[in-house]
Amino acid sequence: MRLVVIAVGRLKQGPERELAERYRERFEETGRKLGFRGLAIHEIPESRARDAASRITEEAAVISAKIPEKSVVVVLDECGDSIDSLGFARHLGRWRDESVANTFFLIGGADGLSPDLRRKAKLKLAFGAATWPHQIVRVMLLEQLYRAATILAGHPYHRA
């Protein structure tokens, strides 16, 4: 299964980008042995439209064009479910075992994701009730993907 993170906005050079890249590389190394075919990150430019609804619509069109049919979609959404790391690992392991070709993780911009994208989601995931900047959400997601891979591999990184 190939994993793809689509994020509205860019991570500039600095500690956030370095940390995100470190977790992506760690996932690649561990995930390859578990049947995961890579972890790609696509950055979508923030829309410059005047109003929030137009920005959300424009960003959703770009995101939707990148998602092939029959892909699993996971949205990062403050109204999503808060699940623990073991539960998250079970989702990834199940989708891999069901031979899902692609799983897409969507991180919206300042205005969030479109209702259409949220409806397509197999899982709506929240990292707690707080609202987080998209840069931090990306780092948190990549860490959780790496953690899930270590859980699936029986590696001691995750200590419950």
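I began with H134, which lies in helix α5, residues 134-153; helices (H or I, at least four residues) and strands (E, at least two) are DSSP runs, numbered from the N terminus. I noted that this is a predicted model, in which local features need pLDDT of at least 70 and side-chain atom pairs count only at pLDDT 80 or more, while totals for chains, interfaces and linings use all residues. Residues are numbered from 1 along each chain as its sequence is written, and side-chain values use heavy atoms, with hydrogens and water left out.

Is H134 buried or exposed? I found H134 buried, at a relative accessible area of 14%, where buried means under 20%, exposed over 50% and partly exposed in between (1.4 Å probe, protein chains only). Setting aside neighbours within four places in sequence, I listed V8, G9, R10, E46, I107 and G108 as in contact with H134, contact meaning heavy atoms within 4.5 Å. A polar atom of the H134 side chain lies 3.5 Å from the backbone oxygen of V8.

I then followed α5 itself, whose 20 residues include 14 that are buried. G154 comes after α5 and has a positive phi, near 75°.

For the chain, I read the order β-α-β-α-β-α-β-α-β-α along the sequence. The radius of gyration is 15 Å, close to the 15 Å that the globule rule gives for 160 residues, so the chain is as compact as a globular protein of that length; the radius is taken over C-alpha atoms, and the rule is 2.2 Å times the number of residues to the power 0.38. Buried residues make up 48% of the 160 residues.

Next I searched the whole structure for salt bridges and recorded 11, each being a side-chain nitrogen of Lys or Arg within 4 Å of a carboxyl oxygen of Asp or Glu. Which residue pairs with R138? The partner is E43, with the closest N and O atoms 2.8 Å apart. E43 lies in strand β2 (residues 39-44) and R138 in helix α5, so the pair ties together parts that are 95 residues apart in sequence. E43 is partly exposed at 23%, whereas R138 counts as buried at 2% relative accessibility.

I also checked D116 and R119, whose side chains meet in a salt bridge at 2.3 Å, N to O. The two are three residues apart in helix α4 (residues 115-120), about one helical turn. R119 is exposed, with a relative accessible area of 60%. Finally, I noted one network in which salt bridges that share partners join R10, R17, E43 and R138.

Conventions. Polar contact = N/O pair within 3.5 Å; in protein donor to acceptor, adjacent residues only side chain to side chain.
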